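Take a first look at the fold before reading on.

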Amino acid sequence: MSLTMIGGVKIPIVGLGTWQATNEEELEAALEAALETGYRHIDTAAAYQNEHVIGKVLNRWLTSGKLKREDIFITTKLPMTHIHPDMVEPALTESLKKLQLDYVDLYLVHFPVHMKLIEMGKPMETLPTDHLAVWKKMEEQVDAKRTRTIGISNFNVNQIDRIVKNCRIQPANTQVELHVYFQQKKLRDYCKKHNIVVVSYGSLGSPGLKVLMKKFGREVEIPSLLADPVVTKIAEKHNKSTSHVLLRYLTQNDIVVIPKSVKPERVKQNFNFLDFTLEAEDLKALEALDKDVEGRLFHMDILSPSLKDHPENPYKS
């Protein structure tokens with residue numbers, strides 16, 4: 001099952017997320033399980049520091065003839081340290097080298113603020129950011145056939161609209177935090193109007209977020225979407241897992257999901273949820289779980305204190 005983006009590029013509605021998957025042996029096993037199970041969409045980013053592992057596995061499948069390049073959809077992202085027009089092409093070139101590919105299917109601007117890494121694990125420095133100049137260079141990557149299509153990630157509606165009104169090649173895709181507690185209805189309405197396909201990250205509530213926050217010295221409690229009573233009741237009704245209910249809710253709303261796991265059995269489980277349909281009353285109950293901005297789990301201000309006052313901070317009200 002896939003959705004068609006602007007320009008006719010089809011994106012599989014279920015993909016394998018790879019955020020925080022940096023153990024090479026574990027990730028290789030997860031990728032092998034995913035491809036054997038039937039995943040044909042892999043989501044990565046330069047910032048995840050695992051493109052080389054994905055490239056190794058893809059090369060093995062492609063050279064053996066088990067997989068054709070046109071049968072697999074690969075997304076990677078321009079890192080926030082490279083949100084500058086002079087850095088777009090070198091960044092994508094480096095990603096392609098690591099992925100051992102001539103092109104990716106989707107290249108995203110990972111974050112709307114250009115940031116400078118001072119020291120690993122320490123707050124970053126925010127820098128001036130020119131979205132339109134960066135987007136022009138993104139368009140050139142399509143012209144050069146280094147990517148089939150382009151999009152953005154973590155941008156708000158106003159930032160997306162500025163690009164849409166001034167671009168030559170419109171964003172085909174946006175990737176954002178999106179789940180039953182944070183349903184991003186305003187952004188989804190805008191994207192539907194402009195034929196921009198939405199990809200959800202954090203679809204299952206991102207339990208791994210707690211580890212990231214701790215690295216930045218912040219102890220947080222992450223609410224469990226998987227244990228929510230409404231989700232649990234619907235799962236029992238359909239004899240499905242709560243993760244299946246959370247993912248099916250999104251795909252029934254034409255939202256692409258990229259659940260992440262490095263456990264082969266979980267990878268397989270996360271793929272096999274399209275064999276049932278949530279009923280109207282189920283959808284209504286799940287929609288009612290939306291907490292709007294109060295449901296946001298990812299607070300990017302941990303990256304840099306100066307992000308709060310940056311003019312392109314996407315989370316300003």
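In which sense do E5 and E6 pair, and over how many bridges? E5 and E6 pair in the parallel sense, over 4 bridges. Keep in mind that this is a predicted model.

## The sheet

Strands of a sheet pair through backbone hydrogen bonds, either parallel or antiparallel. Here an open sheet holds 8 strands with parallel pairing. Their order is E3-E4-E5-E6-E9-E10-E11-E12. Strand E3 (16–17) and strand E12 (256–257) stand at the edges. Each has a single partner strand, so one side of each is left without a neighbour in the sheet.

Now look at some of the pairs. Leu78 stands opposite Val109 in E6. E9 and E10 are parallel too, and 3 bridges link them. There, Gly151 has Asn173 in E10 as its bridge partner. Ser200 stands opposite Val257 in E12.

Strand E10 (residues 173–177) has 5 of its 5 residues buried, so the rest of the structure largely encloses this strand.

What does Val109 touch, leaving aside its neighbours within four places in sequence? Its contacts are Leu78, Ile83, Val134, Trp135, Met138, Gly151, Ile152, Ser153 and Phe155.

## Thr76 in E5

Thr76 is found in strand E5. Is Thr76 buried or exposed? Thr76 is buried, with a relative accessible area of 0%. Not counting residues up to four places away in sequence, Thr76 touches Thr44, Ala45, Ala46, Glu51, Ser95, Leu99, Val104, Leu106, Tyr107 and Leu108.

## Helices that pack

Helix H3 (residues 88–99) lies across strand E5 (73–78) and strand E6 (106–109). H3 runs at about 140° to E5.

Two packed helices are described by the angle between their axes and the distance between the axes. H3 and H4 pack at an angle of about 45°, with their axes 9 Å apart. They are therefore oblique to each other. H3 passes H4 in a right-handed crossing. On the H3 side, Val88, Glu89 and Leu92 meet Val134, Lys137, Met138 and Gln141 in H4. Val134 and Met138 are also contacts of Val109.

Next come helix H5 (residues 157–166) and helix H6 (residues 185–193). Their axes come within 10 Å and cross at roughly 15°. H5 and H6 are therefore roughly parallel to each other. Their crossing is left-handed. Val157, Ile160, Asp161 and Val164 in H5 meet Lys186, Leu187 and Tyr190 in H6.

## Residues in loops

Most residues other than glycine have a negative phi, and most peptide bonds are trans. Lys145 has a positive phi of about 65°, although it is not a glycine. Asn154 is not a glycine either, yet has a positive phi of about 70°. Where do the two lie? Lys145 lies in the loop between helix H4 (131–143) and strand E9 (150–153). Asn154 lies in the loop between E9 and H5. Lys145 is exposed, with a relative accessible area of 66%, whereas Asn154 is buried, with 6%.

Gly205 has its place in the loop between E11 and helix H7 (209–215). Gly205 is buried, with a relative accessible area of 3%. Leaving aside its neighbours within four places in sequence, Gly205 is in contact with Ile222, Leu225 and Leu297. How far is Gly205 from Glu265, between C-alpha atoms? The separation is 19 Å, and the two residues are 60 residues apart along the chain.

Key:
Residues are numbered from 1 along each chain as its sequence is written. This is a predicted model: local features need pLDDT of at least 70, side-chain atom pairs count only at pLDDT 80 or more; totals for chains, interfaces and linings use all residues. Side-chain values use heavy atoms; hydrogens and water are left out. Two strands pair if DSSP finds at least two bridges between them. Contact means heavy atoms within 4.5 Å. Axes are lines fitted to C-alpha atoms, for helices over the stretch in contact, and angles run from 0 to 180 degrees between N-to-C directions. Angles under 35 degrees count as roughly parallel, over 145 as roughly antiparallel, 65 to 115 as roughly perpendicular and the rest as oblique. A crossing is left-handed if the near helix is turned anticlockwise from the far one by less than a right angle, and right-handed if clockwise. Buried means under 20% relative accessible area, exposed over 50%, partly exposed in between (1.4 Å probe, protein chains only).
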